[in-house]
Amino acid sequence: MEENITTQYTPADFKNGSPVRWCPGCGDHAILNSLHKAMAAVGVAPHNTAVISGIGCSSRLPYYMGTYGFHTIHGRSAAIATGFKLANPEMTVWQVSGDGDGLAIGGNHFIHAVRRNVDINMLLLNNKIYGLTKGQYSPTSDRGFVSKTSPYGTTEDPFIPAELAFGARGTFFARAIDVELQVSQEVLAAAARHKGASVVEILQNCMIYNNGIHNFITDRETRPDRTIHLVHGEKMIFGKDKNRGIVQDGFGLKAVTIGVDGWTIDDVLVHDAHTPSNFLHQQLAMMDGHELPLAIGVIRDVEAPVYNEDVDRQVEEVKAAHGFDSLRSMILAGETWEVK
Amino acid sequence: MLDKANVIDTDKVVVRFSGDSGDGMQLVGNIFTNVSAGIGNQVSTFPDYPAEIRAPQGSLGGVSGFQVSIGNDVHTPGDLCDVLIAMNAAALKANARNLRQPGGVAIVDIDSFKDSDLKKAEYTTDDPFKELGLNAQVLEVPVTTLTKAALADSGLDNKSMLKCRNIFCLGLVCWLFDRPLEAAVNFLRKKFAKKPAIFAANEKVIHAGYDYGHNIHAGVSTYRIESEAARPGVYTDINGNTATAWGLIMASEKSGRPLFLGSYPITPATDILQELAKRKDLGVKACQMEDEIAGVCSAIGASFAGNLAVTSTSGPGLALKSEGIGLAVMAELPLVVIDVQRGGPSTGLPTKTEQTDLMQALYGRNGESPVAVVAPASPTDCFTMAFEASRIAIEHMTPVILLSDAFIGNGSSAWRIPDADEYPAIKPNYVPDDLAGSWKPYDRNDDQVRYWAIPGTPGLAHRIGGLEKDFVTGAISTSPENHERMVMVRREKIERIANNIPALEAIEPQGADTILVGWGGTYGHLRTAATELTAEGTPMAFAQLRYINPLPANTREILGRYKRVIVAELNTGMMADYLQAKFPELKIERINKIQGQPFKVSEVKDAVKAILSK
Ligand SMILES: Cc1ncc(C[n+]2csc(CCOP(=O)(O)OP(=O)(O)O)c2C)c(N)n1
Ligand code: SF4
Ligand SMILES: [Mg+2]
């Protein structure tokens, strides 16, 4: 709500002081920090904020918040958050899932919340493993991944969360890396400001059961060359020396080095997160750090009708049109007869 | 074949309209019911839909029926009908066993008894009446011919003319029962307000049907129904599912909490979602979610957010909601779960009635997971019990399961529209002001009820969830002693609801040493059976359990007065087992039926007599 937006809060206002129980070094610590900071920056009061999660290590997050919080059941938090937002639209609602919680058992609720474009912020803490249950593969684990339940490697392909979100007609998708606090805060705040379902995938390291799973991307040395931070309205430039760029290549994208093979800065694409078509957004989101750098930042952020707002609008419209002031007046307007 | 003209004076009569599912039997049944209720008769109806939505025309699978009982002391739609309207050969065949024989009247459209019709209805001879061994007056009316004749110069095409056949029969039945035609015409006028040509045709045809009856007066019995004056007030016709929806709205008005429904379509509960979807005009938010799990979960979210939150379903959906209900038990949030029971297990008999979800409601969750369970007795009682379920949920911070069923959900009766002040205020257990500052999320009042802190309130931000909580601090706890304490507290909270519900009231005639006990939608049949047994010289007490968990505090005392307790139910004995476990000292006998059909009064009486003579 606009009138709640102030800058009077500090990250401490969103903490509650209880000891944080994730393993030391778990990526969730950094994400929690970023969230506290993003909430302070957005400025919605703690008592007007709700954090609703499912089950998993990541879903413990509400216990570390100074807001309203609900740690629910495995996979269902998107549905619970949807009902919460409809019932109490003044609240800013954050929904937190792991990759198993959100995309396996909760996959159906995930796509439908995105499709409805209900105004909630959906965090997907993706460690490509089931952490809480101690190391089984998840729907985001790569083909061939060896885990306790795939001792010979998986024989199935993973979901790419962005692709699923776009398939469900998502209006907001952003990606961040747990240890990149700056980008995390930026995308979390952007998610909060976006009206509708905002999906934020955060690559999270599970120290214990999947340590280093994102190293190819997140390694300090290679990160500048394997990731690109997309910012709306800015050129798609990346690389240690800031001399690489993304250009259009037929129907696809290509990474080039500026000044080589005749490529100039003018050829490099400018990011437009607000364009309604998701065609380019999809291609950007599918970049995986190999041929093309993995995109972080806000990839897509477009306006579309918001489910809970339309429900509220319709309620007001039919209330005014029918003019009933109580159940009784509604019933009396129907077919009745009087016995004297 | 026909008796000579006579007028039967009666205080109760049962009429059944039957035909192809496209013949408009539900419409004429409804109009006839409303007209009867409008002149002061008590009414009870039951629509009998075909299992297949588009079965071939004229086949047995496509027969649709609507039965209504009208008159005095009417509690059921009746066992057997006095008058059967059969629009074709299949309808007669499917319904002959529902006709009182001898003594009943069958009115058939003889135009739909041609060889091809008989074949489609799987008759094996060319004399359908003989083949069925019908021992009743049969009035063979060329309904199709007469309808077309009445509309000869209406300009309607053949198909549209045939659609008016049902209204011809309505006219005829109005004559038979001396119903005012003008009232029926008024209903038609409203129904076809946007199609004046169709209204004009139907108006013509209803008169043709009425006049036909008048002219063949010599042919058949007519009825004069004596009925006691009903309680003064404004009435409407209401079915159980609509009553359930409206009871929830009343609870929302009386509690000041907005109403939220999260649901997923399923027969026979869908009407509740559909009705509440219309009631956006009263501020209701009814959301069709992606599945039953999302239905209950969105409701749980709405409950945490501070709404009167409800989910509606039938047995298969209740199974899917189990884990969610367990969360509401653990988080101690108000939640109303409506199960309009149908035949099971699995997809079972989707359109038929049964009482087989009692154990699922009581025990169908993991862990020690007690919830309140209530069951309405009749279509109109659905209003009261939906209100009660909401009241208990809100005042005791617990899930409450309301066990309705297909019979009362679809059945209807005349209902006096209550004033809001006939229902008590519902008092949410908000965090008291004097606890502000020190309040913890699992603090409780004297009835062990957790306080409800509505999100958005400054100073009350808190975290709850499905993990076990410390009794004092509300923080996550794995302490063994604390867990046992919390299990016992949640249990005690449910038991204490008994202090906040009405006592059990039984009908206890002098000299009765046996009590007939029922629950849910069998009320009308069981009560009528007990009354008739008493009148016939076998004094029979009767008790209806509308509150099942917890039972009213005086249940043991009342049942304990009787040498024999007979529990009659549409399952293999779930309530009997439940009562026997609670009250081992009682001698409990059972009457059970699992055919997807309601009891018949006569079969209950026979079964009671069989038990008494053991
Ligand atoms: C109905 C149900 N099924 C299974 C579980 C067990 N379970 C708890 S968390 C989890 C997976 C967690 O993985 P993820 O969602 O990726 O979260 P992470 O722990 O990795 O953060 C499973 C299978 C459960 N709690 N409930
Ligand atoms: S198991 Fe992995 S995901 Fe869970 S807390 Fe430990 S490091 Fe984090
Ligand atoms: Mg995970």
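User: What makes an atom a donor to a metal in this predicted model?

Analyst: A donor is an N, O or S atom within 2.8 Å of the metal, a limit that is 3.2 Å for Na, K and Ca. The model discussed here is predicted.

User: Which residues coordinate the magnesium ion (ligand 3), and how do you know that they are donors?

Analyst: The magnesium ion (ligand 3) is coordinated by D99(A) through OD, by N127(A) through OD1 and by I129(A) through O, at 2.1 to 2.2 Å. Those values fall within 2.8 Å, and therefore these atoms count as donors. Along the chain, the donors follow the spacing D-x27-N-x1-I. D99(A) lies in helix 3 (residues 99–105) of chain A, whereas N127(A) lies in the loop between strand 4 (121–126) and helix 5 (161–167). The pair, 28 residues apart, links distant parts of the chain. Both D99(A) and N127(A) are buried.

User: What surrounds ligand 2, and how many of the residues in its shell are nonpolar, polar or charged?

Analyst: Among the residues surrounding ligand 2 are W22(A), C23(A), C26(A), C57(A) and N127(A). The list also includes Q204(A), C206(A), M207(A), I208(A) and Y209(A). By class, the shell has eight nonpolar residues, two polar residues and no charged residues. N127(A) is also one of the residues that coordinate the magnesium ion (ligand 3).

User: What is the average pLDDT of chain A, and where is the value below 50?

Analyst: Chain A averages a pLDDT of 96, and 98% of the residues score at least 70. Over residues 1–5 of chain A, however, the pLDDT is below 50. Beyond near neighbours in sequence, that stretch has six contacts in the model. Where pLDDT is low, the predicted coordinates should not be read in detail.

User: How many residues of chain A and chain B take part in the contact, and what area do the chains bury between them?

Analyst: The contact takes 52 residues from chain A and 68 residues from chain B. The two chains bury about 5000 Å² between them, with 66% of it on carbon and sulfur atoms. Y68(A), L327(A) and W337(A) supply 17% of the area that chain A buries against chain B, more than any other three residues.

User: Why is S413(B) called buried?

Analyst: The relative accessible area of S413(B) is 12%. Buried means under 20%, so S413(B) belongs to that class. S413(B) lies in strand 16 (residues 412–416) of chain B. Leaving aside neighbours within four places in sequence, its contacts include V43(B), T236(B), D237(B) and P379(B).

User: Why is A406(B) called buried, and where does A406(B) lie?

Analyst: A406(B) has a relative accessible area of 0%. This value is under 20%, and therefore A406(B) is buried. The residue is in helix 16 (residues 406–410) of chain B. A406(B) and G343(B) are 63 residues apart in sequence, and their C-alpha atoms are 8.9 Å apart in space.

User: What makes I392(B) buried, and what is in contact with I392(B)?

Analyst: I392(B) has 1% relative accessibility, which is under 20%, so I392(B) counts as buried. I392(B) is found in helix 15 (residues 381–396) of chain B. Beyond neighbours within four places in sequence, I392(B) is in contact with residues including A372(B), V374(B), I497(B) and Y547(B). The C-alpha atoms of I392(B) and N500(B) are separated by 8.1 Å, although the two are 108 residues apart along the chain.

User: Why is R169(A) called exposed, and what is its phi?

Analyst: R169(A) has 67% relative accessibility; exposed means over 50%, so R169(A) counts as exposed. Its phi is near 70°, a positive value in a residue other than glycine. Most residues other than glycine have a negative phi. R169(A) is in the loop between helix 5 and strand 5 (172–177) of chain A.

User: How do you know that S346(B) is exposed?

Analyst: The relative accessible area of S346(B) is 61%, which is over 50%, and therefore S346(B) is exposed. S346(B) has a positive phi of about 55° although it is not a glycine. S346(B) is found in the loop between strand 13 (335–341) and helix 14 (358–363) of chain B.

User: Which residues does a cis peptide bond join in chain B?

Analyst: One cis peptide bond joins Q101(B) and P102(B), with omega about -5°. Another joins N549(B) and P550(B), where omega is also about -5°. Most peptide bonds are trans.

Notes. Residues are numbered from 1 along each chain as its sequence is written. Chains are lettered from A and ligands numbered from 1 in the order in which they are written. This is a predicted model: local features need pLDDT of at least 70, side-chain atom pairs count only at pLDDT 80 or more; totals for chains, interfaces and linings use all residues. Side-chain values use heavy atoms; hydrogens and water are left out. Helices (H or I, at least four residues) and strands (E, at least two) are DSSP runs, numbered from the N terminus. Buried means under 20% relative accessible area, exposed over 50%, partly exposed in between (1.4 Å probe, protein chains only). A residue is near a molecule or strand if one of its heavy atoms lies within 4 Å of it. Ala, Val, Leu, Ile, Met, Phe, Trp, Tyr, Cys and Pro count as nonpolar, Asp, Glu, Lys and Arg as charged, and the others, Gly among them, as polar. pLDDT is the predictor's confidence in each residue, from 0 to 100. Contact means heavy atoms within 4.5 Å. Buried area is the accessible area (1.4 Å probe) that two parts lose on being put together, summed over both.
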